[in-house]
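User: I am new to this structure and would like to know what the labels rest on. Could you walk me through it?

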Amino acid sequence: MTETRRRLMAVCILTGVLGSIEITPANASSVISIGDGDTITVREGSQRIKVRLACIDAPETSQTPYGMDSRRALQGLLPIGSEVTLKTKAVDRYGRSVAEVLKGGSNINQNLVRSGDAFVYWQYISGCDRQTYSHLENDARLKGAGVWSVTGGIQRPWEYRRGRRGANTSASSGGGASTTGTSSSKYRCKEIGSWSRAQDLLRQGHTYLDRDGDGEACESLK
């Protein structure tokens, strides 16, 4: 056998071996749960990673009905088991990966803005395509979609959280009445029984159940 034929056979064998290997991106992840409208948990290899969707801010679950509408929209875009790729921008103070989430050729963060299920989080737009996000939000506003169904849009989630923190500080220091619907007794997650019940209590004002401030109570119950 000539040297040329031996080299040709070696190339053919190597090509066949490589062709049988399924190549998976190093940061490919699988969705294992949806928190609220801008928070998911994924499995990447042996790791569970909590992800805060970058450059957007969805209504809190207690901002009825928009918060739960946003969560349902995200569930529709990312059914459990969906394979996604993360474009991570940072890690926030709660240890969550802040990322754009890509499913196939679709940018999930941008889709939520397009459908009016989230606002652009202009304070933290760095690292995202500002022009695209601006165009999508303006289009959703003109169509009156989701959070834009009322003139000027609903209260922004970051303003809502700020107001809620202020009310809690005032109540805890004796500077005002307790939040409407909040009992003087406190609940513990393990005593509540179900995740959905915990979200009801959060909407009633039991904000201490949301320890990491992501708008979801008692995540351990899921």
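User: Why does Tyr-124 count as partly exposed?

Analyst: Tyr-124 has 48% relative accessibility. Buried means under 20% relative accessible area, exposed over 50%, and partly exposed in between (1.4 Å probe, protein chains only). The value for Tyr-124 falls in between, so partly exposed is the label. A word on the background: this is a predicted model, where local features need pLDDT of at least 70, side-chain atom pairs count only at pLDDT 80 or more, and totals for chains, interfaces and linings use all residues. Residues are numbered from 1 along each chain as its sequence is written, and side-chain values use heavy atoms, with hydrogens and water left out.

User: What makes Tyr-121 and Tyr-124 an aromatic pair that is edge-to-face?

Analyst: Rings of Phe, Tyr and Trp (its six-membered ring) pair if their centres lie within 6.5 Å; planes under 30 degrees apart count as stacked, over 60 as edge-to-face and the rest as tilted. For Tyr-121 and Tyr-124 the figures are 4.9 Å centre to centre and 80 degrees between the planes, so both conditions hold. Tyr-121 is buried, because its relative accessible area is 12%.

User: Why is the disulfide of Cys-189 and Cys-218 left-handed?

Analyst: Because the torsion about the S-S bond of Cys-189 and Cys-218 is about -80 degrees. Their sulfur atoms are 2.1 Å apart, so they meet the distance rule too. Cys-189 belongs to helix H6 (residues 189-192), and Cys-218 to the segment after helix H7 (195-203), 29 residues apart. At 22% relative accessibility Cys-189 is partly exposed, whereas Cys-218, at 4%, is buried. The search of the whole structure gives 2 disulfides.

User: What makes the side chains of Arg-96 and Asp-92 a polar contact?

Analyst: A polar contact is a pair of N or O atoms within 3.5 Å; within protein, one must be able to donate a hydrogen and the other to accept it, and residues adjacent in sequence count only if both atoms are side-chain atoms. The contact between the Arg-96 and Asp-92 side chains is 2.7 Å, so its distance is inside the limit. Arg-96, in the loop between strand S5 (83-91) and strand S6 (97-103), is buried, at 6% relative accessibility. Another polar contact, at 3.0 Å, runs between the side chains of Asn-107 and Glu-100.

User: Why is S1 largely enclosed by the rest of the structure?

Analyst: Because 6 of its 7 residues are buried. Two strands pair if DSSP finds at least two bridges between them. S1 has 4 bridges with S2, in the antiparallel sense, and 3 with S5, also antiparallel, so both are pairs. Val-31 stands opposite Val-42 in S2, while Ser-29 has Val-84 in S5 as its bridge partner. S1 and S2 form a hairpin with 4 residues between them.

Note on methods. Helix = DSSP H or I, 4+ residues; strand = E, 2+ residues; numbered from the N terminus. Disulfide = S-S within 2.5 Å.
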